[in-house]
Amino acid sequence: MNVLITGGAGYIGSHTCLELLLKKANVFVYDNLSNSNVKSLVLVEELARNKVGFYKGDIRNCYELSSFISSNMIDCVVHFAGLKSVGESNSDPVKYYDNNVSGTISLLKAMERCKVKKLVFSSSATVYGTPNELPISEAAPTSTINPYGQSKLLVEKILADVAKADSDWKIANLRYFNPAGAHPSGLIGEDPKDIPNNIMPYVSQVAVGKLEKLSIFGGDYNTPDGTGVRDYIHVTDLAKGHLAALNYLNSSQACGFSSFNLGTGKGVSVLELIKAFEKASGKNIPFDIVARRQGDVAACYADPTKANKVLGWKAELDIERICQDAWRWQVNNPTGY
Ligand code: NAD
Ligand code: UFG
């Protein structure tokens, strides 16, 4: 199987490339390196003892992308390429719609041209907005409050229309909950360019002494300890979810456009996460409780039953393992790649 991975040099993409290579797939990465370092792929090759076909390019260049797809005889695509900072999407919405929405349209055109019609898309639990019910199932209503979330929801709608118009298309839409952790080797992991927005890389940098202390955004939520609750999923579990989705697309079971939650089903509060990280690292994590962050929900965790049943996939690793692996990556690579 020849798999194109857009955005494959990034955090989730590199872990997915590794799992695919370990299963003997042929992996071809197309990435403009706008938020990644090609060193991640060198290390993936080292870990897998196998090669990745890499091309530095932007998915919005439909001509180049089409020729990459046809010259490598691609069978299916996993589409990670996109921008993911909620804050930046608020200040520069055009950049987000152009990259995430126009980029996906360019990819769909290139795939049509090359008659490749199997696609796995990286969506996000952000499309559920403020959930009415917990855990969240795929049938829950969708809504978004920022251009990043809106770009994911727009792409989901485009993909559903594409599959409706042409029954040859098979599309698995994966809604990730909170990806965290790193490969257990400590060789590849998350490498934020600036001060991290997400909690796990922030806590790692506090533990290693790069940042002074964590600000906990809100201690008065209607949750067991007052802090925000999320469904943290180990990046290796998440990567394996993509393999399960590709197997599903290659089976007779696959039909049109289907959404799947990729989460553990378990909610973890900010205070519980800090405790788990302190245990994993042996370091103290100083924190202050400050005002809530605008746009945050109190609690968000998945009902992963559909992915368990239909994809035959289940998250295996808990928050302790996530913290141990995040810490190993942080200690081994204090300045990233
Ligand atoms: P990442 O930034 O590490 O990886 C994205 C990759 O895409 C990067 O290597 C970047 O260089 C590349 N890229 C961006 N725009 C491109 C373009 N126009 N052409 C070619 N390459 C381009 O992010 P990640 O955390 O690995 O996320 C991967 C996907 O999963 C994204 O679509 C993101 O929105 C989605 N997602 C991430 C999270 C999360 O918390 N990490 C949660 C939900 C969904
Ligand atoms: N938090 C803090 N302090 C920080 C950072 C975060 O207290 O410095 C708290 C947040 O308030 C929240 C929890 O930690 O309660 C998790 O926050 P993250 O920023 O790590 O993650 P989010 O749930 O806000 O969002 C993430 C991605 C989104 C994605 C969403 C669902 O950033 O892109 O998960 O997948 F859409």
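**Close-ups of salt bridges and a strand pair**

**View 1. K51 and E45 reach for each other in a salt bridge**. In this predicted model, the closest N and O atoms of K51 and E45 are 3.9 Å apart. K51 is exposed, with 62% relative accessible area, whereas E45 has 18% and counts as buried. Why does E45 count as buried at 18% relative accessibility? Because the limit for buried is under 20% relative accessible area, and E45 comes in at 18%.

**View 2. E156 and R175 tie a helix to a strand**. Here the salt bridge has its closest N and O atoms 2.7 Å apart. Where do the two partners sit in the chain? E156 belongs to helix α6, which covers residues 147–165, and R175 belongs to strand β6, residues 170–176. The pair is 19 residues apart and links distant parts of the chain.

**View 3. D325 and R328 pair up within one helix**. Their side chains meet in a salt bridge, at 2.7 Å from N to O. Both residues lie in helix α11 (residues 319–332). They are three residues apart, which is about one turn of the helix.

**View 4. D58, R60 and D98 make up a salt-bridge network**. Salt bridges that share partners join these three residues into one network. And how many salt bridges does the structure hold? The count is 12.

**View 5. Strand β8 has a covered face and an uncovered one**. This strand runs over residues 214–217. Which residues are on which face? L214 and I216 are on the covered face, and S215 and F217 are on the uncovered one. Here is a handy rule to keep in mind: in a regular strand, side chains alternate between the two faces of the sheet.

**View 6. Strand β8 lines up with strand β13**. The two strands pair in the parallel sense, over four bridges. Strand β13 covers residues 287–290. Take I216 from the previous view: its bridge partner in β13 is I289.

How values were computed. Residues numbered from 1 in each chain as written. Chains lettered and ligands numbered in written order. Predicted model: local features only at pLDDT ≥ 70, side-chain atom pairs only at ≥ 80, totals over all residues. Heavy atoms only, no water. Salt bridge = Lys/Arg side-chain N within 4 Å of Asp/Glu carboxyl O. Buried < 20%, exposed > 50% of the residue type's maximum accessible area, 1.4 Å probe, protein only. Pairing = 2+ DSSP bridges.
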